[in-house]
Amino acid sequence: MHLPRRRLLVLLFLGLLPAVAWALLAPPRFPDPDARPGAGVGNGVGGYEFETRYFRQRLDHFSFPGVGDEEFFQQRYLVGHAGGWAGLGGPIFFYCGNEGGIAWFAANSGLVWEAAPRFAALVVFAEHRYYGESMPFGSKDKAYNNSRSLAHLTAEQALADYAVLLTDLKRNLSAEASPVVLFGGSYGGMLAAWMRLKYPHISVGALASSAPILQFEDIVPHTIFYDLVSNDFKRESLSCFQTIRDSWKELDEQGNTQDGLLKLSKTFHLCQTLKSSEALSDWLSSAYSYLAMVDYPMSSDFLMPLPANPIKEVCRNVDKQPEGTSTLERIYAGVNVYYNYTGTIDCFDLDDDPHGMGGWDWQACTEMVMPMTSSENLSMFRRYEFDYGLYADNCVKSFGVRPRPRWITTEFGGHNISSVLEKFGSNIIFFNGLLDPWSGGGVLKNISSSVVAIVAPLGAHHIDLRPATKEDPDWLVSLRESELEIISGWLSDHYGAGGALFQSAASNDRAAS
C-alpha cells in the first residue's frame, strides 16, 4: 500500500523559480471524505444518524436572468433524525458547510449532534456549493471546467444558499418561528460568523470555531501562521525545532544532484525517484502545518490517524534517533508519525493531483487572498516572501482570473473589527485554540457582552466541535459547557417567558446527565 499525495496546505504554483520565494497558506481544506477509508456517506457517519436530502438551489442569487434562462443545481444537505426535536417552534442547529463533502464534516462535528438533545433541536448540515455532491452543471468536470463555470463559487453565493435553504426548510416544516443557531469550523466558522452579520434575521447566533476572519490584507502580521506552527514545535523540543530548521539547507544541497535526489527518495521511502527537492519540501511543510492544526490532547482520525499530542510524538522520534543519524533521517522518523502512524504505508507518492487545482485553489485565486510569509528569525521554515504580483500572475495563468485581495474585507469587514462589531454585531462566539496556527487570524478578545471570544491555550483547530471522548481533558469539557450556556442564553432570549417547551427540554436533558 502506498500513500498518494494530499492536496497541500501551502499553495506553490507550477513554474516558480527557487529564487523567487512566496507562500500562501490557504484556509484549511480537507480531502474529499468519499476518498477516505471508513468515511462512507449512507444514512449516518460517526454514529450520527441522518437523512440525506437535496434542494433545488439557484446558481446565481444576485442576478435576474430572463424566464427560461435561470440555472439551478442540487444542493445536498443532511437532516438529523428528528425524534428529539421539539417540533414546530423548536430550535434548529445549522452547520455551514466547508470546502469538502458534508458527510465528513458531520462526522467530525460531534458537539452539534451531542448538544441537540439538550435543546430539543433539529440538526441540519448543509453542503457548500461546488464541493461534495453539490455540483452545478451536473458534474465536477463541468463545474470545474473553466473560469466561467467556476464564477459562482464564492462565499457570498454560499451564504445565500444557506439563507434560502433555511427559509424554505422552515416554511416546509411550518416552523417559521424556530430559532436557528449557526455552527461552523475553520472556513465553515468564517461562514457562520459572516452569515450572522449579513443575515441577522436568519439566526439568533453563531458559534464560529477556529475562524481566521482577520487573516486578510495587513490586519494581522503576515508571519503569524508560520511563527505559530514553529512555536508549537519549539515548546515540545528546542532540538527538534532546530533539526527541522537545519534540514532545509541539507535538503537543498542533496537535491542539487541526481545522486542526491536518489538518496532523498530512498531516505523518505518515496515510490518514485524525485526530479527535484521542491515536492519533498512541500510535502514536509504541509505535514508540519497540519500537525500544528491537529495537535489534539487525544488520539484522532481527522486528517490522518494520529496519537494524542502528535507534535510531541514527532519530536520524540526526531530526538531519540541514535548518534550518527543524519538530519534528514531524523526528519523522516518524525514526519512518519503524521503520514504513516499506522505503519501500513510502504512508500509515499508525491505526484501532483492529476485533476489539477480544485475548488479551494479557485477561491484563493479570487477572493480568499491570505498573504503569508515566513520570518527568518522566529520560524523553523525556510524564508518565504509573499509576492502579490507573482501570485496574481499565476492565478491568471491557472484560471484566467485576477484576485481581488480587498474584496473580503469590503464585503464582510475585518479592519477595526472591535469597534465595528461592538456597535453592529451580536450573539457570536469566536473559539480559538492557541496551538492552532489559524488562531493568529482569529478574534481572541471579547468585543462586547454578546460577541465573545473563548480561548484555549492548549487547544487546536476547532477542537471544541470534535466529538466528545473519554480522553477529553477537563478544560475542554468545561469550555464546551461554557459555549452551550451562551447558546442557551440566546434561545432563552428568543423564547422569552413563553419558552416553556425549550426550558423543559433543556431542564430534562441536564437532569438526565
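Is Cys 315 buried or exposed? Cys 315 is buried, with a relative accessible area of 2%, where buried means under 20% relative accessible area, exposed over 50%, and partly exposed in between (1.4 Å probe, protein chains only). Before going further, please keep in mind that this is a predicted model, in which local features need pLDDT of at least 70, side-chain atom pairs count only at pLDDT 80 or more, and totals for chains, interfaces and linings use all residues. Residues are numbered from 1 along each chain as its sequence is written, and side-chain values use heavy atoms, with hydrogens and water left out.

Let us stay with the cysteines. A disulfide is a covalent bond between the sulfur atoms of two cysteines. Here it is assigned to a pair of cysteine sulfur atoms within 2.5 Å, and by this rule the count comes to three disulfides. In one of them, Cys 315 is joined to Cys 240, with the sulfur atoms 2.3 Å apart. The torsion about this S-S bond is -70°, and the link of Cys 240 and Cys 315 is left-handed. Cys 240 sits in helix H8 and Cys 315 in helix H11 (residues 310-319), so this pair links distant parts of the chain, 75 residues apart. Helices here are DSSP runs (H or I, at least four residues), as are strands (E, at least two), and they are numbered from the N terminus.

Next comes the disulfide of Cys 271 and Cys 347, whose sulfur atoms are 2.1 Å apart. Its S-S torsion is about 95°, so the disulfide is right-handed. This pair, too, links distant parts of the chain: Cys 271 is in the loop between helix H9 (258-267) and helix H10 (278-293), while Cys 347 belongs to strand E10 (residues 347-348), 76 residues apart. Cys 271 counts as partly exposed, at 28% relative accessibility.

Cys 365 and Cys 395 also form a disulfide, with 2.0 Å between their sulfur atoms. A torsion of about -80° about the S-S bond makes the disulfide of Cys 365 and Cys 395 left-handed. Because Cys 365 lies in the loop between helix H13 (359-364) and E11, and Cys 395 in helix H14, the pair ties together parts that are 30 residues apart in sequence. Both ends are buried, Cys 365 at 1% relative accessibility and Cys 395 at 0%. If you number the bonded cysteines of the protein chain in sequence order, the pairing reads 1-3, 2-4, 5-6.

Now for the charged side chains. A salt bridge is a side-chain nitrogen of Lys or Arg within 4 Å of a carboxyl oxygen of Asp or Glu, and the count by this rule comes to 16 salt bridges. Among them is the pair of Arg 382 and Asp 252, whose closest N and O atoms are 2.9 Å apart. Since Arg 382 lies in the loop between strand E11 (371-372) and helix H14 (388-399), and Asp 252 in helix H8 (residues 238-254), this pair ties together parts that are 130 residues apart in sequence. Arg 382 is partly exposed at 22%, and Asp 252 is partly exposed at 30%.

Glu 51 and Arg 53 meet in a salt bridge as well, at 3.3 Å from N to O. Glu 51 is partly exposed at 39% relative accessibility, as is Arg 53 at 26%. Finally, Arg 76, Glu 127 and Glu 133 are linked in a network of salt bridges.
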